[in-house]
Amino acid sequence: MDISVHLAAESQRKRRPADDSSLGFGKIFSDHMFLMEYSNGPGWHNARVVPYGPLSLDPAAMVLHYGQEIFEGLKAYRGAGESICLFRPRMNFERLNRSAARLCMPEIPPDDQIEAVSALVRADRDWIPSSRGTSLYIRPVVMATEPALGVRPAAEYLYFIIAGPVGNYYSRGFDPVRILVEQRFVRAARGGVGEAKTGGNYAASLLAAKKAKEKGYDQVLWLDAGRLEYVEEVGTMNIFFVMDDELVTPPLTGSILPGVTRDSVLRLAREWGWKVSERPIGIEEVRKAAADGSMREVFGTGTAAVISPVGSLSYKGEEITIGGGRMGEVAGKLYAEITGIQYGEVPDRYGWVHKVA
Ligand code: COI
(Lines give C-alpha, C1' and ligand atoms only; values in the text may rest on other atoms or scores of the structure.)
Protein backbone atom coordinates (compact mmCIF):
# COMPACT_ATOMS: atom_id res chain seq x y z
CA MET A 1 0.00 0.00 0.00
CA ASP A 2 1.25 3.50 -0.86
CA ILE A 3 0.89 5.86 2.09
CA SER A 4 1.65 9.55 1.64
CA VAL A 5 2.83 11.31 4.79
CA HIS A 6 2.18 15.04 5.40
CA LEU A 7 3.58 15.91 8.81
CA ALA A 8 2.21 18.77 10.88
CA ALA A 9 4.38 21.89 10.91
CA GLU A 10 6.28 22.41 14.16
CA SER A 11 4.02 25.39 14.98
CA GLN A 12 0.86 23.24 14.61
CA ARG A 13 2.05 20.57 17.01
CA LYS A 14 0.59 20.04 20.44
CA ARG A 15 2.70 18.96 23.37
CA ARG A 16 2.26 15.64 25.10
CA PRO A 17 1.55 16.18 28.83
CA ALA A 18 4.80 15.87 30.77
CA ASP A 19 3.11 14.07 33.66
CA ASP A 20 2.11 10.48 32.72
CA SER A 21 0.10 10.04 35.93
CA SER A 22 -2.62 12.42 34.75
CA LEU A 23 -3.24 10.80 31.35
CA GLY A 24 -6.50 8.93 32.05
CA PHE A 25 -8.10 7.27 29.04
CA GLY A 26 -9.04 8.70 25.65
CA LYS A 27 -8.89 12.41 26.47
CA ILE A 28 -5.77 13.50 24.59
CA PHE A 29 -5.01 12.91 20.91
CA SER A 30 -1.71 12.96 19.06
CA ASP A 31 -0.61 15.23 16.18
CA HIS A 32 -1.57 13.03 13.23
CA MET A 33 -4.25 10.71 11.88
CA PHE A 34 -4.45 8.15 9.11
CA LEU A 35 -7.17 8.45 6.44
CA MET A 36 -8.20 6.32 3.47
CA GLU A 37 -11.38 6.30 1.36
CA TYR A 38 -13.37 3.55 -0.30
CA SER A 39 -15.74 3.67 -3.20
CA ASN A 40 -17.23 0.86 -5.25
CA GLY A 41 -14.95 0.37 -8.25
CA PRO A 42 -11.61 1.85 -7.13
CA GLY A 43 -11.85 0.16 -3.73
CA TRP A 44 -9.65 1.54 -0.93
CA HIS A 45 -7.50 4.47 -2.07
CA ASN A 46 -5.76 7.70 -1.06
CA ALA A 47 -4.00 6.31 2.03
CA ARG A 48 -2.36 9.14 3.94
CA VAL A 49 -1.04 10.34 7.29
CA VAL A 50 -2.07 13.96 7.85
CA PRO A 51 -2.24 16.42 10.77
CA TYR A 52 -5.02 15.52 13.25
CA GLY A 53 -8.15 17.57 12.69
CA PRO A 54 -11.92 17.59 12.18
CA LEU A 55 -13.48 15.46 9.45
CA SER A 56 -15.80 16.97 6.91
CA LEU A 57 -18.93 14.86 6.54
CA ASP A 58 -22.10 15.24 4.50
CA PRO A 59 -25.09 15.43 6.89
CA ALA A 60 -26.67 12.66 4.80
CA ALA A 61 -23.66 10.36 5.43
CA MET A 62 -25.22 6.98 6.10
CA VAL A 63 -23.25 6.39 9.31
CA LEU A 64 -25.11 9.28 10.93
CA HIS A 65 -28.49 7.75 10.17
CA TYR A 66 -28.18 3.98 10.32
CA GLY A 67 -25.01 3.47 12.34
CA GLN A 68 -22.97 1.57 9.77
CA GLU A 69 -19.71 1.88 11.71
CA ILE A 70 -17.11 -0.45 13.19
CA PHE A 71 -13.97 0.16 15.20
CA GLU A 72 -11.00 -1.40 16.93
CA GLY A 73 -8.77 -0.61 19.88
CA LEU A 74 -5.11 -1.56 20.26
CA LYS A 75 -2.02 -0.15 21.89
CA ALA A 76 1.57 0.74 21.03
CA TYR A 77 4.15 0.35 23.80
CA ARG A 78 7.66 1.56 24.33
CA GLY A 79 9.45 -1.72 24.85
CA ALA A 80 13.00 -2.75 25.62
CA GLY A 81 15.72 -0.53 24.11
CA GLU A 82 13.29 2.20 23.06
CA SER A 83 11.68 -0.12 20.48
CA ILE A 84 8.02 0.51 19.65
CA CYS A 85 5.71 -2.48 19.58
CA LEU A 86 2.07 -3.37 18.96
CA PHE A 87 0.40 -6.27 20.76
CA ARG A 88 -1.21 -8.90 18.48
CA PRO A 89 -2.36 -6.31 15.89
CA ARG A 90 -3.36 -8.98 13.37
CA MET A 91 -6.05 -10.25 15.75
CA ASN A 92 -7.59 -6.77 15.87
CA PHE A 93 -7.53 -6.40 12.12
CA GLU A 94 -8.97 -9.84 11.47
CA ARG A 95 -11.73 -8.98 13.93
CA LEU A 96 -12.30 -5.65 12.17
CA ASN A 97 -12.85 -7.59 8.97
CA ARG A 98 -15.34 -9.94 10.66
CA SER A 99 -17.16 -6.87 12.00
CA ALA A 100 -17.08 -5.43 8.46
CA ALA A 101 -18.59 -8.59 6.99
CA ARG A 102 -21.39 -8.53 9.61
CA LEU A 103 -22.24 -4.89 8.83
CA CYS A 104 -21.91 -5.28 5.03
CA MET A 105 -18.82 -3.08 4.86
CA PRO A 106 -15.70 -3.56 2.73
CA GLU A 107 -12.82 -5.44 4.33
CA ILE A 108 -9.24 -4.13 4.48
CA PRO A 109 -6.29 -6.55 4.18
CA PRO A 110 -4.78 -6.95 7.69
CA ASP A 111 -1.29 -6.28 6.29
CA ASP A 112 -2.47 -2.91 4.95
CA GLN A 113 -3.99 -2.07 8.33
CA ILE A 114 -0.74 -2.96 10.09
CA GLU A 115 1.13 -0.71 7.63
CA ALA A 116 -1.34 2.10 8.24
CA VAL A 117 -1.05 1.89 12.04
CA SER A 118 2.73 1.60 11.81
CA ALA A 119 2.93 4.74 9.64
CA LEU A 120 0.81 6.68 12.15
CA VAL A 121 2.73 5.39 15.17
CA ARG A 122 6.05 6.33 13.54
CA ALA A 123 4.76 9.85 12.81
CA ASP A 124 3.59 10.20 16.43
CA ARG A 125 6.33 8.23 18.16
CA ASP A 126 7.06 11.11 20.54
CA TRP A 127 3.50 10.70 21.85
CA ILE A 128 4.10 7.22 23.23
CA PRO A 129 4.49 7.59 26.99
CA SER A 130 7.14 5.48 28.66
CA SER A 131 6.10 4.84 32.25
CA ARG A 132 4.78 1.38 33.15
CA GLY A 133 1.02 1.12 32.69
CA THR A 134 0.92 3.77 29.96
CA SER A 135 0.75 3.34 26.19
CA LEU A 136 -0.44 4.93 22.97
CA TYR A 137 -4.06 3.82 22.45
CA ILE A 138 -4.93 3.43 18.77
CA ARG A 139 -8.48 3.66 17.49
CA PRO A 140 -9.15 2.52 13.89
CA VAL A 141 -12.68 3.24 12.61
CA VAL A 142 -14.56 2.45 9.40
CA MET A 143 -17.76 4.36 8.67
CA ALA A 144 -20.26 4.77 5.85
CA THR A 145 -19.90 8.20 4.25
CA GLU A 146 -22.14 7.92 1.19
CA PRO A 147 -24.83 10.61 1.34
CA ALA A 148 -28.08 8.63 0.95
CA LEU A 149 -31.09 7.82 3.09
CA GLY A 150 -32.19 4.48 1.62
CA VAL A 151 -31.58 1.68 4.10
CA ARG A 152 -28.91 -0.46 2.40
CA PRO A 153 -25.14 -0.93 2.60
CA ALA A 154 -23.34 2.29 1.59
CA ALA A 155 -21.13 2.51 -1.50
CA GLU A 156 -18.58 4.89 0.11
CA TYR A 157 -16.57 4.59 3.33
CA LEU A 158 -13.85 6.30 5.31
CA TYR A 159 -11.21 4.39 7.29
CA PHE A 160 -9.49 6.58 9.84
CA ILE A 161 -7.08 5.92 12.68
CA ILE A 162 -6.49 8.26 15.59
CA ALA A 163 -4.25 7.74 18.61
CA GLY A 164 -3.48 9.21 21.99
CA PRO A 165 -1.45 8.52 25.13
CA VAL A 166 -3.35 6.69 27.89
CA GLY A 167 -2.87 5.60 31.46
CA ASN A 168 -5.42 3.64 33.46
CA TYR A 169 -8.87 3.09 31.94
CA TYR A 170 -10.51 3.23 35.35
CA SER A 171 -9.70 6.29 37.39
CA ARG A 172 -9.41 4.10 40.51
CA GLY A 173 -6.64 2.02 38.91
CA PHE A 174 -6.67 -1.60 40.13
CA ASP A 175 -9.12 -1.22 42.97
CA PRO A 176 -11.65 -4.02 42.38
CA VAL A 177 -14.80 -2.68 40.76
CA ARG A 178 -18.34 -2.95 42.17
CA ILE A 179 -20.69 -4.54 39.69
CA LEU A 180 -24.49 -4.61 39.45
CA VAL A 181 -25.96 -7.69 37.77
CA GLU A 182 -28.29 -6.18 35.16
CA GLN A 183 -31.79 -7.64 35.41
CA ARG A 184 -33.65 -5.67 32.76
CA PHE A 185 -31.50 -4.43 29.91
CA VAL A 186 -29.36 -6.67 27.71
CA ARG A 187 -26.24 -5.81 25.74
CA ALA A 188 -26.71 -8.06 22.74
CA ALA A 189 -28.76 -10.99 21.50
CA ARG A 190 -27.51 -14.09 19.74
CA GLY A 191 -27.83 -13.47 16.01
CA GLY A 192 -27.48 -9.71 16.54
CA VAL A 193 -24.26 -7.68 16.34
CA GLY A 194 -22.85 -8.42 19.81
CA GLU A 195 -19.77 -10.16 18.44
CA ALA A 196 -19.00 -7.24 16.08
CA LYS A 197 -17.19 -4.19 17.42
CA THR A 198 -19.73 -1.61 16.35
CA GLY A 199 -20.71 1.63 18.07
CA GLY A 200 -24.34 0.56 18.46
CA ASN A 201 -23.41 -2.06 21.05
CA TYR A 202 -21.82 0.63 23.19
CA ALA A 203 -24.74 3.03 22.70
CA ALA A 204 -27.09 0.22 23.80
CA SER A 205 -25.06 -0.26 26.99
CA LEU A 206 -25.15 3.34 28.20
CA LEU A 207 -28.50 3.47 30.01
CA ALA A 208 -27.86 0.40 32.17
CA ALA A 209 -24.36 1.66 33.01
CA LYS A 210 -25.72 5.13 33.86
CA LYS A 211 -28.38 3.70 36.18
CA ALA A 212 -25.82 1.43 37.84
CA LYS A 213 -23.49 4.41 38.44
CA GLU A 214 -26.35 6.37 39.97
CA LYS A 215 -26.73 3.52 42.47
CA GLY A 216 -23.01 3.60 43.30
CA TYR A 217 -21.76 0.75 41.09
CA ASP A 218 -18.91 0.98 38.58
CA GLN A 219 -20.42 -1.16 35.82
CA VAL A 220 -22.98 -3.84 35.05
CA LEU A 221 -22.74 -7.57 34.49
CA TRP A 222 -24.60 -8.49 31.33
CA LEU A 223 -26.73 -11.63 31.20
CA ASP A 224 -27.97 -13.44 28.08
CA ALA A 225 -30.81 -11.84 26.17
CA GLY A 226 -32.91 -14.99 26.20
CA ARG A 227 -33.69 -15.78 29.83
CA LEU A 228 -31.28 -13.52 31.73
CA GLU A 229 -29.72 -16.65 33.15
CA TYR A 230 -26.18 -16.91 31.79
CA VAL A 231 -23.28 -14.50 32.24
CA GLU A 232 -22.04 -12.76 29.05
CA GLU A 233 -19.77 -9.75 29.67
CA VAL A 234 -18.91 -7.18 32.33
CA GLY A 235 -19.18 -3.53 31.29
CA THR A 236 -17.21 -3.34 28.02
CA MET A 237 -15.04 -6.35 28.91
CA ASN A 238 -15.01 -10.14 28.69
CA ILE A 239 -15.41 -11.89 32.03
CA PHE A 240 -13.51 -14.67 33.82
CA PHE A 241 -14.23 -16.62 37.02
CA VAL A 242 -11.81 -18.64 39.13
CA MET A 243 -13.84 -21.38 40.84
CA ASP A 244 -11.83 -23.87 42.88
CA ASP A 245 -9.06 -24.71 40.41
CA GLU A 246 -11.04 -23.96 37.23
CA LEU A 247 -10.73 -20.80 35.12
CA VAL A 248 -14.09 -20.26 33.41
CA THR A 249 -15.26 -17.82 30.73
CA PRO A 250 -18.45 -17.92 28.66
CA PRO A 251 -18.08 -19.42 25.16
CA LEU A 252 -18.24 -17.26 22.02
CA THR A 253 -21.71 -18.07 20.78
CA GLY A 254 -22.48 -14.90 18.85
CA SER A 255 -23.42 -12.25 21.38
CA ILE A 256 -20.00 -11.88 23.03
CA LEU A 257 -17.08 -9.85 21.67
CA PRO A 258 -14.06 -12.12 20.93
CA GLY A 259 -11.51 -10.13 22.90
CA VAL A 260 -7.78 -10.15 22.17
CA THR A 261 -7.00 -10.07 25.89
CA ARG A 262 -9.58 -12.85 26.45
CA ASP A 263 -7.76 -14.99 23.90
CA SER A 264 -4.36 -14.17 25.46
CA VAL A 265 -5.57 -15.16 28.95
CA LEU A 266 -6.94 -18.48 27.64
CA ARG A 267 -3.72 -19.22 25.77
CA LEU A 268 -1.47 -18.46 28.75
CA ALA A 269 -3.63 -20.36 31.23
CA ARG A 270 -3.67 -23.42 28.96
CA GLU A 271 0.11 -23.23 28.43
CA TRP A 272 0.54 -23.10 32.20
CA GLY A 273 -1.49 -26.29 32.53
CA TRP A 274 -4.41 -24.70 34.32
CA LYS A 275 -7.87 -26.20 34.03
CA VAL A 276 -9.61 -23.85 31.59
CA SER A 277 -13.24 -24.00 30.46
CA GLU A 278 -15.10 -21.99 27.87
CA ARG A 279 -18.57 -22.97 28.97
CA PRO A 280 -21.90 -21.36 29.83
CA ILE A 281 -21.91 -20.10 33.40
CA GLY A 282 -25.19 -19.26 35.07
CA ILE A 283 -25.60 -16.39 37.49
CA GLU A 284 -27.06 -18.90 40.00
CA GLU A 285 -23.85 -20.96 39.77
CA VAL A 286 -21.86 -17.78 40.44
CA ARG A 287 -24.03 -16.96 43.46
CA LYS A 288 -23.70 -20.46 44.91
CA ALA A 289 -19.93 -20.62 44.33
CA ALA A 290 -19.51 -17.24 46.07
CA ALA A 291 -21.67 -18.45 48.99
CA ASP A 292 -19.82 -21.76 49.50
CA GLY A 293 -16.39 -20.15 49.14
CA SER A 294 -15.33 -21.86 45.89
CA MET A 295 -15.46 -18.59 43.89
CA ARG A 296 -11.94 -17.29 44.36
CA GLU A 297 -11.76 -14.50 41.78
CA VAL A 298 -13.77 -12.64 39.14
CA PHE A 299 -12.13 -10.31 36.65
CA GLY A 300 -12.77 -8.53 33.37
CA THR A 301 -10.36 -8.49 30.42
CA GLY A 302 -10.03 -5.90 27.66
CA THR A 303 -7.43 -3.93 25.74
CA ALA A 304 -8.10 -0.71 27.60
CA ALA A 305 -7.77 -1.98 31.19
CA VAL A 306 -6.01 -5.34 30.43
CA ILE A 307 -7.30 -7.01 33.64
CA SER A 308 -9.84 -5.47 35.95
CA PRO A 309 -10.64 -7.31 39.19
CA VAL A 310 -14.27 -7.45 40.32
CA GLY A 311 -14.68 -6.92 44.07
CA SER A 312 -18.40 -7.44 44.43
CA LEU A 313 -21.54 -8.38 42.51
CA SER A 314 -24.97 -7.11 43.47
CA TYR A 315 -27.61 -9.62 42.41
CA LYS A 316 -31.31 -9.26 43.26
CA GLY A 317 -30.48 -7.05 46.21
CA GLU A 318 -27.79 -9.38 47.58
CA GLU A 319 -24.17 -8.11 47.77
CA ILE A 320 -21.79 -10.91 46.82
CA THR A 321 -18.22 -10.10 47.89
CA ILE A 322 -15.44 -11.70 45.87
CA GLY A 323 -11.92 -12.45 47.09
CA GLY A 324 -11.98 -9.99 49.98
CA GLY A 325 -12.09 -7.03 47.56
CA ARG A 326 -8.47 -7.33 46.43
CA MET A 327 -6.76 -8.15 43.10
CA GLY A 328 -6.51 -11.97 43.19
CA GLU A 329 -3.49 -14.18 42.63
CA VAL A 330 -4.66 -15.47 39.24
CA ALA A 331 -5.61 -12.02 37.91
CA GLY A 332 -2.31 -10.65 39.21
CA LYS A 333 -0.22 -13.37 37.54
CA LEU A 334 -2.01 -12.94 34.22
CA TYR A 335 -1.68 -9.15 34.39
CA ALA A 336 2.05 -9.40 35.12
CA GLU A 337 2.65 -11.85 32.25
CA ILE A 338 0.60 -9.99 29.62
CA THR A 339 1.93 -6.54 30.45
CA GLY A 340 5.44 -8.02 30.81
CA ILE A 341 5.22 -9.28 27.23
CA GLN A 342 3.76 -5.96 26.06
CA TYR A 343 6.60 -3.93 27.60
CA GLY A 344 9.26 -6.35 26.37
CA GLU A 345 10.24 -7.47 29.88
CA VAL A 346 9.02 -11.07 29.53
CA PRO A 347 10.07 -13.27 26.56
CA ASP A 348 7.51 -13.22 23.75
CA ARG A 349 7.02 -16.98 23.35
CA TYR A 350 3.96 -16.74 21.15
CA GLY A 351 5.00 -14.12 18.59
CA TRP A 352 2.51 -11.62 19.99
CA VAL A 353 4.75 -8.57 19.81
CA HIS A 354 4.92 -6.74 16.49
CA LYS A 355 7.83 -4.31 16.26
CA VAL A 356 7.01 -1.04 14.47
CA ALA A 357 10.25 0.86 15.03
C1 COI B 1 -11.65 -2.42 25.86
O2 COI B 1 -11.83 -2.89 26.98
O3 COI B 1 -10.57 -2.38 25.34
C4 COI B 1 -12.79 -1.88 25.15
O5 COI B 1 -13.13 -2.34 24.13
C6 COI B 1 -13.43 -0.71 25.72
C7 COI B 1 -13.25 0.45 24.82
C8 COI B 1 -14.48 0.65 24.01
C9 COI B 1 -12.88 1.67 25.58
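The space taken by the ligand is the largest pocket. A pocket here is an open set of points on a 1 Å grid over the protein atoms alone, where a 1.4 Å probe fits and protein lies on both sides within 12 Å along at least five of seven lines. The model is predicted; local features need pLDDT of at least 70, side-chain atom pairs count only at pLDDT 80 or more, and totals for chains, interfaces and linings use all residues. Residues are numbered from 1 along each chain as its sequence is written, and side-chain values use heavy atoms, without hydrogens and water.

Around the ligand stand Phe25, Arg139, Tyr169, Lys197, Tyr202, Thr236, Gly302, Thr303 and Ala304, each with a heavy atom within 4 Å of the ligand. By class, this shell holds 4 nonpolar, 3 polar and 2 charged residues.

A polar side-chain atom of Lys197 is 2.7 Å from a ligand oxygen. Backbone N or O atoms also take part: that of Ala304 lies 2.8 Å from an oxygen atom of the ligand, and that of Thr303 lies 3.1 Å from one. The protein covers 90% of the 280 Å² of accessible area (Shrake-Rupley method, 1.4 Å probe) that the ligand has on its own.

Arg78 belongs to strand E5, residues 74-78. Strands are DSSP runs (E) of at least two residues, numbered from the N terminus. Arg78 counts as buried because its relative accessibility is 14%, with buried meaning under 20%.

Technical notes
A polar contact is a pair of N or O atoms within 3.5 Å; within protein, one must be able to donate a hydrogen and the other to accept it, and residues adjacent in sequence count only if both atoms are side-chain atoms. On a 1 Å grid over the protein atoms alone, a cavity is a set of points where a 1.4 Å probe fits but cannot get out, and a pocket is an open set with protein on both sides within 12 Å along at least five of seven lines; lining residues have an atom within 4 Å of a point. A molecule sits in a cavity or pocket if more than half of its atoms lie within 2 Å of its grid points. Ala, Val, Leu, Ile, Met, Phe, Trp, Tyr, Cys and Pro count as nonpolar, Asp, Glu, Lys and Arg as charged, and the others, Gly among them, as polar. Helices (H or I, at least four residues) and strands (E, at least two) are DSSP runs, numbered from the N terminus. Buried means under 20% relative accessible area, exposed over 50%, partly exposed in between (1.4 Å probe, protein chains only).
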